[in-house]
Amino acid sequence: MNLSKRLEKNCGKLIFDCTDEELFCGILKTVSELKTEQKNEKSKKKLYYISAEFLIGRLLECNLLNLGVYDEIKKILSDNGKDISRIAELEAEPSLGNGGLGRLAACFMDSVAHMGLEGDGVGLLYHYGLFKQVFADNKQHEEKNPWISENSIINKTEISYKTEFSDCTLTSRLYTIDIIGKNRTNKLNLFDIETVDESVAKDATEFDKTDIKKNLTLFLYPDDSDEAGKRLRLYQEYFMASNAAHLILEETIRRGGTPETLNEYAVVQINDTHPSLIIPELIRLLCECGVGMDKSIEIVRNMCAYTNHTILSEALEKWHADTVAALIPRIMEIIKELDRRVKTECQDKSLHIIDENSLVHMARMDIHYGFSVNGVASLHTKILKETELNNFYRIYPKKFNNKTNGISMRRWLSVANPRLEQFIVSLIGDGFKDDYLKLKELEKFADDDEVLQKLIDIKLENKIDLCTYIEEKQGRNINSNSVFDVQIKRLHEYKRQQMNALYLINKYLDIKRGILPKRPITAIFGAKAAPAYTIAKDIIHLILCLEDIISHDEHASLYINIFVAENYNVSWAERIIPAADISEQISLASKEASGTGNMKLMLNGALTLGTHDGANVEINSLVGDDNIYTFGDSSDLVIARYKKGSYKPSEYYEKDKRINEAVEYITCNKMLEVGDKTSLKRLQNELINKDYFMTFPDFADYTATKDRMLCDYEDRMAWARKMLINIANAGYFSADRTVAEYNKEIWKL
Ligand SMILES: *Cc1c(COP(=O)(O)O)cnc(C)c1O
């Protein structure tokens, strides 16, 4: 049946007569029919990618693209006066992730399916996700973010397991989302509890955290600043790990394996430490099947691989042994046994799973009892080997490896920026879609003025689109002729949105003094702060207050503006990234493990303003020093400065005029008119007296580099040449490449 007829049948009437809602449902049905027509090859071994987050974004357009029918459907719709983007907007964005780690998991699932590999994701079905960010009084407020609806993409299955805790037994229910790739369809397995009750959460932060039978799967990362919150997270983690372990064992047996041969049939990638309890749980299950302890440990050690995402010590999970013992005593017994074995081998206390304060270190368990430990960018892996995990590296040198992150080129180029993609195809054909390294062929146009002009034109069209969207969404009028300077990522002190804000204060005050930029600047932010992370919320407050002041300043706002996207998510990213000129990647060197936003922005022709951190370092070596703007202290210097403990921000505050002026401004009268004194004062104090992520030492260089960048922007052709070099070299960051490396060196499917 031809596609048009098929769609018509699935809509139940003529396409012309359908509402967008009816078309949305009809397309969903069509997608699901086309998917079942794919042949899915079975391999012996299967990958289970287990993660607390999957920030998958809307799926409709990507699914159509991966099925190879996107262009045709788009045309059928437009022939009938319908707009595919408007229809796609009807899908609620799944609220299953928070930031880069969850987005990475989503890009990997896309690439695994694209490459025809058999690999499923495993996680939890959060009903309200992280939270929906709303702004009021220049502050972030958190609301529930419901996204599951009638005709959603989730399929209920018959699969259900029991998870035993000391005080209750929970019954799970497996739901799946199809991950449709060009070459096969895999599944995202999301476990829910049967007894979930959405009504217990009146609010996104205030709810009864002890009512586990009802609340377990309501929120991602519930506030863990109190004991009940900590326990709820541990309940979630064990529930996820236990269900994953049951699923893996059951599927393996169905595939003809046995408990003894589990590691020949399954490989588990543990995405950060949240799923780490899968190790003791698999061991427990194997023992239950009659496999002895030694053998069970060996099997599990041969099938689990751990990805480290951070060296921030507060993000490396530790549980108090008493808490673990109280909730999941059987698992605590196994962890104790694993720790006992470590302790008989290693004297070095920093290697012990359970430390002298009775804290259970999840990452340490992963490293001892997994066969692979990987960092997510070369610099990050180097720091793990040489500093953070050096003692582990010395005993297990072969386990350590690097897998530089990647992004789904299909989502971040084909779907997000069709104009650019079509232009690339017109220049080099579409062979690059099978091997994105071929984007390199674009370099032969580096001195072709017509090509460079077209890149500028495409960027402008994307900026105009974004302006329209912003106007619709948040009623702000943005000048599409300004430079779009973009910092979009979770709010965290190490990512240093505060440094960008201080720069903007200086710029604003310069403008008030009559020092005008050559071209207006629009600083675009998107960021959610964890609800209990006070300083992060103070930083958002600062930025929103500045936005408020500047947008009401008739004169200054002709030259500078701030726009903060409310509830930053994948859908926002898909709009902002194609329109970005400057990509702010300004984390304190050594702190951003990789970053993937930097890759998406590079691919879309934004130039990086970045520190020598994470994957910025690799971007730098790919494009060369002339096509990136780097600044700031090196990771070596930063690590040494931490070690010495000698950093005193007050010295910079007293000596550096620009810093002093910007920091003083945070609590000036104008700010206090629109802002909250306690919050602003707290942030100011934090900067002057602590500045843990060392904003001030990098500030002068940041300012000078950014100003040079703005100046360079005015040579439009030279800038466009840099854009082209960035796009041409972004192919290395295809998640297809990353996944191929995981498969070759770790999964071996
Ligand atoms: C890519 C992405 C991130 C990660 O951004 P970083 O700059 O790497 O921290 C976070 N959130 C969303 C919605 C993304 O698309």
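**Close-ups of a predicted protein model**

**View 1. Strands β19 and β20 side by side.** Strand β19, made of residues 607–610, is joined to β20 by two bridges, and the two run parallel. Look for L609: its bridge partner in β20 is Y629. Strands here are DSSP runs (E, at least two residues) and helices are too (H or I, at least four), numbered from the N terminus; two strands pair if DSSP finds at least two bridges between them. This is a predicted model, where local features need pLDDT of at least 70, side-chain atom pairs count only at pLDDT 80 or more, and totals for chains, interfaces and linings use all residues. Residues are numbered from 1 along each chain as its sequence is written, and side-chain values use heavy atoms, with hydrogens and water left out.

View 2. Six strands line up as β17-β16-β15-β18-β19-β20, with parallel pairing. At the edges stand β17 (560–565) and β20 (629–630); each has a single partner strand, so one side of each has no neighbour in the sheet.

**View 3. Stepping back to the protein.** Altogether there are 32 helices and 20 strands. The C-alpha atoms fill a box of roughly 80 × 70 × 50 Å along the principal axes. Of the 749 residues, 62% are buried, meaning under 20% relative accessible area with a 1.4 Å probe, protein chains only.

**View 4. Who touches whom.** Take the contacts (heavy atoms within 4.5 Å) between residues at least 6 apart in sequence: 74% of them join residues at least 24 apart.

Definitions and conventions: Buried < 20%, exposed > 50% of the residue type's maximum accessible area, 1.4 Å probe, protein only.
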